[in-house]
Amino acid sequence: MHGEYKVPGGKLVVVDLDVDNDTLKNVRVSGDFFLEPDEALLAIDRALEGAPAGTDTAGLTARIDAALPESAVLFGLTTESVAVAVRRALAQASDWSDYDWQLIHDAPQPPALHMALDEVITAEVAAGRRPPTLRVWEWDSPAVIIGSFQSLRNEVDPEGVARHGVTVVRRVSGGGAMFAEPRSTITYSLAVPESLVSGLSFADSYAYLDDWVLDALGDMGIKAWYQPLNDIATEVGKVAGAAQKRMVGPGGGPGAVLHHVTMSYDIDADKMLDVLRIGKEKLSDKGTKSAEKRVDPLRRQTGLPRETVIERMIDSFRSRYGLTSGTVTAAELARAEDLVRTKFGTAEWTARVP
């Protein structure tokens, strides 16, 4: 069995192993990390040898910690990341490079249709009718997107929404409210097979699926990192927030994961605070007077046009994993439009948590 895990902000950890009588055998750890002294690598292999195959990540980590010499120095990896690679090997997890990725980057669309397309495309990936997909959104109007479990009245100021002509929609994933404007926001979705995150905890899957965009930002001169549970941050402020939804496959079989991210390219802090109640409360709790002290947009950090930032992100993904251009099919669009009529565009869904 073979498992790989790219440590967020670190190096690649690779584990090859066999399972015999429900125990780990012939364990070999490798990767492009740094480790001192040399004997520490053998100590890690020996710590994992003979472990019950059902040992969880915490148990495997404890075995490695106990076996390492006090002088051991790990750079680019952690003992937990080795344990995660073992669990991914045992789960027969797939890797980014195992797939033919497709890009969807279509013309601007209404907020409710974006919500519906996320559900439809992820369901198609779960059913095996569509390859893993990176979809870059373009908005045709400003929107507030609230999380699946948020209270509409607690999150949104109806007077501010009406004043600025903002559409309020509810997404299928959890998390907090986001304010999006067409020229100020970069939003993308990943619809991936469940096997890509096999062996990862829920929290680890966020970091794993965000790792490529950290590299893309790094290519533009921005030092960014994953900040648990679902933020991407830099030294001068938060730049993005992520959310996920897991979907079961046909007949209850292996499904797919929807991972979508909203990035701040620019920000109208006054307008955001006029439409989001939660924004006012969060800023008040932290004693912060301006949203710009919590969110630092990519325009200011890169000096690049929004279109160039998106193009460089796409190019970065393509250079790492391959990416062919595609589009939403006629059948997918029809299903999404039906979901707008019956779900995402209805007051019942938007106010399902009043």
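This is a predicted model: local features need pLDDT of at least 70, side-chain atom pairs count only at pLDDT 80 or more; totals for chains, interfaces and linings use all residues.

Student: By what means do strands of a sheet pair?

Tutor: Strands of a sheet pair through backbone hydrogen bonds, and the pairing is either parallel or antiparallel. Here, an open sheet of eight strands shows mixed pairing, in the order β12-β13-β14-β15-β11-β7-β6-β16.

Student: Which are the edge strands?

Tutor: An edge strand pairs on one side only, as do β12 (224-227) and β16 (324-326). Between neighbouring strands of the sheet, the average turn is 25°, with direction ignored.

Student: Which helices pack on the sheet?

Tutor: Helix α4 (residues 111-126) touches β6, β7, β11 (185-193), β14 and β15, and its direction makes about 145° with that of β15. Helix α11 (residues 306-321) packs on the sheet as well, touching β6, β7, β11, β15 and β16; the angle between its direction and that of β11 is about 20°.

Student: How does strand β13 pair with β14?

Tutor: β13 (residues 231-234) runs antiparallel to β14, joined by four bridges. The two form a hairpin with two residues between them, and D231 stands opposite G241 of β14.

Student: What is the bridge partner of G241 in β15?

Tutor: That partner is T262. β14 and β15 (residues 256-264) pair in the antiparallel sense over eight bridges. In β14 (residues 237-247), eight of the eleven residues are buried.

Student: Where does parallel pairing occur?

Tutor: One case is β6 (residues 102-104) with β7 (residues 133-136), over three bridges. There, I104 has R135 of β7 as its bridge partner.

Technical notes
Residues are numbered from 1 along each chain as its sequence is written. Side-chain values use heavy atoms; hydrogens and water are left out. Buried means under 20% relative accessible area, exposed over 50%, partly exposed in between (1.4 Å probe, protein chains only). Two strands pair if DSSP finds at least two bridges between them. Axes are lines fitted to C-alpha atoms, for helices over the stretch in contact, and angles run from 0 to 180 degrees between N-to-C directions. Contact means heavy atoms within 4.5 Å.
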